[in-house]
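Here is a short note for someone opening this entry for the first time. Please keep the structure in view while reading the points.

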Amino acid sequence: MATAVLAGTIADVDWLSIYFGPSAFLTWHRTYTHSIVVSILTSMCVAILVARLLRRSMPARQVGPVGGGALTDVPSKGAWAINLSVPLYVSLCAALLHIAMDACQSEDVRLLWPFSSKRFASDWLPGIDPWILTILIACIALPELLHLVSSEIGAKAKKPRGQTGAIIGLALVLVYVGVRGTLHSNAIALMQSRTFHGETPRRASAFPESLSPLRWHGVVETESALNEIDVDAVSPDTFDTDSSLTQFKPEPSPALDTARNTVTARRFLATAQIPKASMEKTEAGYVVVLRDLRYAASGETQHEIAAVIELDPNNKVTSQELVWARDLHR
């Protein structure tokens, strides 16, 4: 249990980067520690640590088989191998399952680093899914309740307690994720099949509603605007494009082109899924703000990052920085 918890959560150590500002958070969050290579390496470290602790607490030449049973004498090297195999298997499964589930969410991950900087985000699952939590809690609690009943009547267990519940829980979660993926595809297809204020979609994105697998928050990009709209994946008759919230793109201008070519803007745009630019003329020149509509559509605005570029009247950059979007309104 300790091995699974440690290996399954250690990748989220990158969350500490939030305390070092938006720039550090953009660099570290769900990047290097969420790659397959790093997950395998950290799993091996966790397994070796746990195996060493087990080796110290158990006689070197006595090792029990998985699931219990009589101790058997084996050479010291054999004992080390057996002690290491179980923690390694558990830690690998937990770590890889972690990043696989993260790849099903809206916050992208760099699964292939250091071989590729490509980011993956399927947008199937919310950050916290109450249905998955319900499935897992039920599959943990029910075997414990059955164990209490069987112990009262003196029945002997034929297999490790919780094994059946774990298998059923994993199967149900896989089926649930597959259904979510199908509904996501339906929502995307529905948005792409309609026109928005006389314009055809260039790109459509759908983000999950945590409480209802049927309801999705869509963003459709057309030539002149970005349209936000809610979608019911199984009720196309209720889908009305006129109810969308439209945000028009700014007109092309030298100031906007200059802002987009800054180091800060390029860095932001490399990670943004649905970039939206806004430009304001001020007494000192211009202020260009780049935001990612993915945050608002997915309901994860608490840690939204924006890029702010200020220019003088001659379109010369005077400042550029990444900021928390919540600070823009202060």
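Which residues have the most contacts inside the largest nonpolar core?

1. The largest nonpolar core has 18 residues, and F268, V288, L290, I305, A307, I309 and L322 have the most contacts inside it. A nonpolar core here is a set of buried Ala, Val, Leu, Ile, Met, Phe, Trp, Tyr and Cys residues joined through side-chain atoms within 4.5 Å. Buried means under 20% relative accessible area, exposed over 50%, and partly exposed in between, with a 1.4 Å probe and protein chains only. At least two residues of this core come from each of α2 (22-28), α7 (254-260), α8 (263-269), β8, β9 and β10. Strand β9 gives the most, with four residues. In soluble globular proteins, nonpolar side chains tend to be buried together.

2. On the basis of the note: this is a predicted model, in which local features need pLDDT of at least 70 and side-chain atom pairs count only at pLDDT 80 or more, while totals for chains, interfaces and linings use all residues. Residues are numbered from 1 along each chain as its sequence is written, and side-chain values use heavy atoms, with hydrogens and water left out.

3. The protein chain has nine helices and 10 strands. Helices (H or I, at least four residues) and strands (E, at least two) are DSSP runs, numbered from the N terminus. Of the 330 residues in the protein chain, 39% are buried.

4. An open sheet of four strands runs in the order β7-β8-β9-β10, with antiparallel pairing. Strands β7 (275-282) and β10 (317-324) are at the edges with a single partner strand each, so one side of each has no neighbour in the sheet. Two strands pair if DSSP finds at least two bridges between them. Strand β8 (residues 285-292) and strand β9 (residues 305-311) pair over five bridges in the antiparallel sense. The bridge partner of Y286 in β9 is L311.

5. Leaving aside neighbours within four places in sequence, I309 is in contact (heavy atoms within 4.5 Å) with residues including A259, A265, V288, L290 and V317.

6. Strand β5 (residues 225-232) is mostly covered, with six of its eight residues buried. Strand β4 (residues 215-221) pairs with β5 in the antiparallel sense over seven bridges, and a hairpin of three residues joins β4 to β5. On the other pairing, β5 and strand β6 (residues 245-248) are antiparallel over four bridges. E228 figures in both pairings: V219 stands opposite E228 in β5, and E228 stands opposite L245 in β6.

7. Which residues of helix α1 (residues 2-9) are buried? They are T3, A7 and G8. These residues cover an arc of only 110° around the axis, which puts them on the same side of α1. The arc is that of the directions from the helix axis to the C-beta atoms.

8. S35 lies in the loop between α2 and α3 (36-57). Is S35 buried or exposed? S35 counts as buried because its relative accessibility is 0%. Not counting residues up to four places away in sequence, S35 touches I99, R110, L111 and W113.
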